[in-house]
Each structure stands twice: as C-alpha cells, then as structure tokens.
Amino acid sequence: MKILISADMEGITGVVASDHVSRDGKDYERARLWMTHEVNAAIRGAFAGGAAEVIVNDSHASMKNILVDELHPDAQLITGSPKPLSMMEGMDETVNAVFFVGYHARKGTAFGVLDHTYSGTDVVRYLVNDVELGETGQNALIAGAFGVPVVLVTGDTRVTVEARELLGNIETVAVKDGISRYAAKTLHPSKAHALIEEAAMKAVQRIGEIKPLTMVGPYSLEIELAQSSMADMAELIPGVERIAARVVRFTHADYITAYKCFRAIIAMS
Ligand SMILES: [Zn+2]
C-alpha cells in the first residue's frame, strides 16, 4: 500500500500570514518546522493504517519547505521545483491513495485563510468543463486520471467544506477556523497532530470505499487571469483561445495534458 502526501503550507496549524509562508518572512523558519511536524502526523497515521510506503511531495511555492532531517525517517521526500506534475509529483499508477495536508480554500472563498488557486498573483478562476475548482479539485483530478482517490484533506475549515462538497465523504481535519483571510482561531499543534494522525489512519483503512474524482473528457479549461498582459502571452500557445481580455480557454482529450498547458500559461505569465 503506497500513499502520496501532497503538502501545502497555507493550511498548516497556526499559519495565517505571508510572514509564515514566504521564504523571506520573519516567521517562515518556524512555520516550515510546523509544516514538517504536521506532515509527520499524517505519515504516522498512514503507517498505522497499513501503508507500506509513504512519499511526501513538498507542494508549496519553492517546494523546498519541508526539513528533511525533521521528517519521519520511513517516508521519502520529493523536494524542489519545477516538477512536471507540480503539487502532484510522485503520482503514478502505483499509488493507492493521496492525502492533501496543509491545503487552503480556492480563490474567492470568504474567510478562507490565505485563499488562492495555484498562484495568488496570476489566477482569478480555474474552471474545468465549466466547474470552478481550487487546488483541491485541480489536484484531485490528477489523482483521478490515474484512478486514485484523495482520502484525506487537512487545512482550515473552508477547505474541508470544499473538499467534502467535491470529493464526498472523505476524511477531513480542520485545524483552524478563518476569521478573515489573514486571521484564524487555531488549534494547538499537538491537538491538530493527534486529529490528523487518527484521520490518516482511518483514511487508509477506508480507501476501498472512496471513489477517485473523475470528469468525462475532453477537458475544457477556462482560466481567468489577473492581468490582460498575461492573456497576451497565453494566447501565443497553439490551441489556446482568448475569449475575453483576461480569459483563455483550451481543450485536451486528457486532463494531465490540459493541466500542463495551464502550467505553461502560468510560467509565461
Ligand atoms: Zn496552495
């Protein structure tokens, strides 16, 4: 049994500000340790539930936040960027289930702590076949393309609601409750870790009952960008059609190809 953990930072216990999540932030060094320890709780739960192998993919910004020497010694870490599948690197058909740890709500979610979708500066809306998705949906569809379910999502209250709406009755842990985009009522890390470990164990035991997220192809992606200058660049890519000053659309038969086209657009922006 092999578990892939995609670990983001905005949804980690206690994290509410750019001081926590930016490499030059005053509290970043402390927050990356919180992130590492919170991922460890999910790893412990995965092994307790019966996993034989756990791969952790660092999925935040530079993707080198997790401190490898503080990570659970029986897990392996994917660190650094760029990576072809970005937040879902490590995903292949040998993975049995995926955890999202430290995730956050999609852009435009009221009281979602540090809400955004893939890029806080570039992306306003991300739609697949006219369904608006945040990173939870965007990445669950990648797992779904391999026939693999997402069985655990942890983060603030809003992302756990988003996850259950989209993925059904999966395991979720809300470690903090957003009061504004930059404020939350948060659990103590020790309490959050206990809840995550327990939920991770249950999630592994429930893999058989949770369905992968899939949509019927072809996959039409519509991306609303923050600036028209970004669409000026995006429409240079063959197959990318500009449908409004800041909105582009493109269609591919498989979701992974469509997702990589999205990545190229963001890289150019
Ligand atoms: Zn994120």
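**View 1. Phe100 and its stacked partner Tyr103 in the predicted model.** Phe100 is buried, its relative accessible area being 0%. Tyr103 is likewise buried, with a relative accessible area of 0%. The ring centres of Phe100 and Tyr103 lie 4.3 Å apart and their planes meet at 5°; because planes under 30 degrees apart count as stacked, the pair is assigned to that class.

**View 2. The tilted aromatic pair Tyr259 and Phe262.** The centre-to-centre distance is 6.2 Å, with 40° between the planes of Tyr259 and Phe262. Both residues belong to helix α7 (residues 255–268), where a spacing of three residues separates them by about one helical turn. Tyr259 and Phe262 are both buried.

**View 3. The aromatic cluster that includes Tyr259 and Phe262.** Ring pairs join Tyr118, Tyr126, Tyr219, Tyr255, Tyr259 and Phe262 into a cluster. The count of aromatic pairs in the model comes to six.

View 4. His104 lies in the loop between β4 (97–103) and β5 (123–128), whereas Glu135 is in helix α3 (residues 135–145); the two are 31 residues apart, and the pair links distant parts of the chain. His104 is buried at a relative accessible area of 0%, and Glu135 is buried at 1% relative accessibility.

Terms used. Residues are numbered from 1 along each chain as its sequence is written. This is a predicted model: local features need pLDDT of at least 70, side-chain atom pairs count only at pLDDT 80 or more; totals for chains, interfaces and linings use all residues. Side-chain values use heavy atoms; hydrogens and water are left out. Helices (H or I, at least four residues) and strands (E, at least two) are DSSP runs, numbered from the N terminus. Buried means under 20% relative accessible area, exposed over 50%, partly exposed in between (1.4 Å probe, protein chains only). Rings of Phe, Tyr and Trp (its six-membered ring) pair if their centres lie within 6.5 Å; planes under 30 degrees apart count as stacked, over 60 as edge-to-face and the rest as tilted.
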